[in-house]
Amino acid sequence: MTSTDERVVPMRLQKFLARAGVASRRGSENLMTAGRVTVNGVVVTELGSKVDPLVDEVAVDGKVVNLADGHTYLMLYKPRGYLTTMSDDRGRACVASLVPVRRYPGLFPVGRLDADTTGLLLFTTDGELAAKMLHPSSHVWKHYVALVRGVPTSRELDMLRRGIRLDDGMSAPAEVRILAADDKASTPVIPEGMPYGHTVVGLSIHEGRKHQVKRMLSAVGHEVVRLHRDEFGPLFLSDVQPGQWRHLTDEEVRKLSLSERR
């Protein structure tokens with residue numbers, strides 16, 4: 001016999017959607033107010049509405065969702081020229097066009113990459129995990145590969161390792177090293193070979209300020225020409241080509257869950 005604690009009882013619709021992995025609680029509320037959610041074929045926009053998961057049929061954009069569906073986790077290899085946003089009122093290219101938003105209506109990117117930056121972008125419907133990964137206290141490390149003008153000196157690299165003053169305060173210390181042209185990690189920023197008078201730098205940070213990597217390297221006198229992210233927390237960009245996405249493996253999801261709990 002099932003205990004009272006184990007039974008699924010009527011719950012608020014936005015809670016049901018969040019638990020089903022459609023979106024975060026707030027994102028689910030936005031789907032409801034936009035008229036995209038139906039219960040037994042009827043559009044429901046009232047945020048106080050409740051559903052019985054054992055009886056009611058809930059759908060988003062016509063797709064039935066269930067509590068057993070769980071959250072979705074995707075890795076996108078973001079190409080240059082795409083904004084990290086789900087829509088743009090000026091009609092510019094957005095990453096939303098590269099991922100299956102119709103199949104997973106609550107999908108959203110965790111953090112962002114500049115339009116001219118390529119590489120690993122995590123998408124999920126798990127708002128709780130995303131919030132924890134992006135919180136400053138989580139110290140989630142990100143590794144970037146940058147093609148810069150000039151050749152950084154040992155002194156300049158040490159400045160980055162100690163932390164450098166930016167216009168919004170001191171940065172946290174970074175892990176940084178020069179990468180060889182034949183290093184596999186360098187390929188995304190020098191697909192046609194190393195330009196004369198340039199250097200490839202690998203840099204890891206755990207902060208998430210706007211344009212931070214570009215500003216840090218500029219602060220030591222080296223303009224970033226190309227920027228690529230190949231690591232985000234426990235994730236490594238792999239098994240995916242520019243403009244393509246894939247589901248995370250069970251092991252990758254497990255590592256994500258462990259990293260956001262630290």
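**Figure 1. N40, a residue in a loop.** N40 sits in the loop that joins β2 (37-39) to β3 (42-43); strands (E, at least two residues) and helices (H or I, at least four) are DSSP runs, numbered from the N terminus. This is a predicted model, in which local features need pLDDT of at least 70, side-chain atom pairs count only at pLDDT 80 or more, and totals for chains, interfaces and linings use all residues. Residues are numbered from 1 along each chain as its sequence is written, and side-chain values use heavy atoms, with hydrogens and water left out. The phi angle of N40 is near 55 degrees, a positive value in a residue other than glycine. Most residues other than glycine have a negative phi. N40 is partly exposed, at 44% relative accessibility; buried means under 20% relative accessible area, exposed over 50%, and partly exposed in between (1.4 Å probe, protein chains only).

**Figure 2. H211, between β14 and α5.** Here we look at the loop between β14 and α5, where H211 is found. H211 has a phi near 55 degrees, which is positive in a residue other than glycine. Is H211 buried or partly exposed? With 37% relative accessibility, H211 counts as partly exposed.

Figure 3. Helix α4 covers residues 154-162, and E156, L157 and L160 are buried in it. Seen down the axis of α4, these buried residues fall within an arc of 100 degrees, so they line one face of the helix; the arc is that of the directions from the helix axis to the C-beta atoms. On the other side of α4, look for the exposed residues S154, R155 and R162. What do the buried residues of α4 pack against? Their partners are β13 (175-179), β14 (198-205) and α5 (212-219), where contact means heavy atoms within 4.5 Å. Just after α4 comes G163, with a positive phi of about 105 degrees.

**Figure 4. E175 in strand β13.** E175 is found in strand β13. Its relative accessible area is 49%, so E175 is partly exposed. Leaving aside neighbours within four places in sequence, E175 is in contact with W141, G202, L203 and S204. How far apart are the C-alpha atoms of E175 and S49? They are separated by 50 Å, and the two residues are 126 residues apart along the chain.

**Figure 5. Q14 in helix α1.** Helix α1 (residues 13-19) holds Q14. With a relative accessible area of 6%, Q14 is buried. Which residues touch Q14, if we leave aside its neighbours within four places in sequence? Q14 is in contact with R25, S28, E29, M32, L47 and S49.

**Figure 6. The start of the chain, and the chain around it.** Over residues 1-7, pLDDT stays under 50, and the model has one contact beyond four places in sequence for this stretch. As a reminder of the scale, pLDDT is the predictor's confidence in each residue, from 0 to 100. For the protein chain, the mean pLDDT is 91, and 95% of its residues reach 70 or more. If you zoom out, the protein chain has six helices and 17 strands. Buried residues make up 46% of its 262 residues. The C-alpha atoms fill a box of roughly 70 × 40 × 35 Å, taken along the principal axes.
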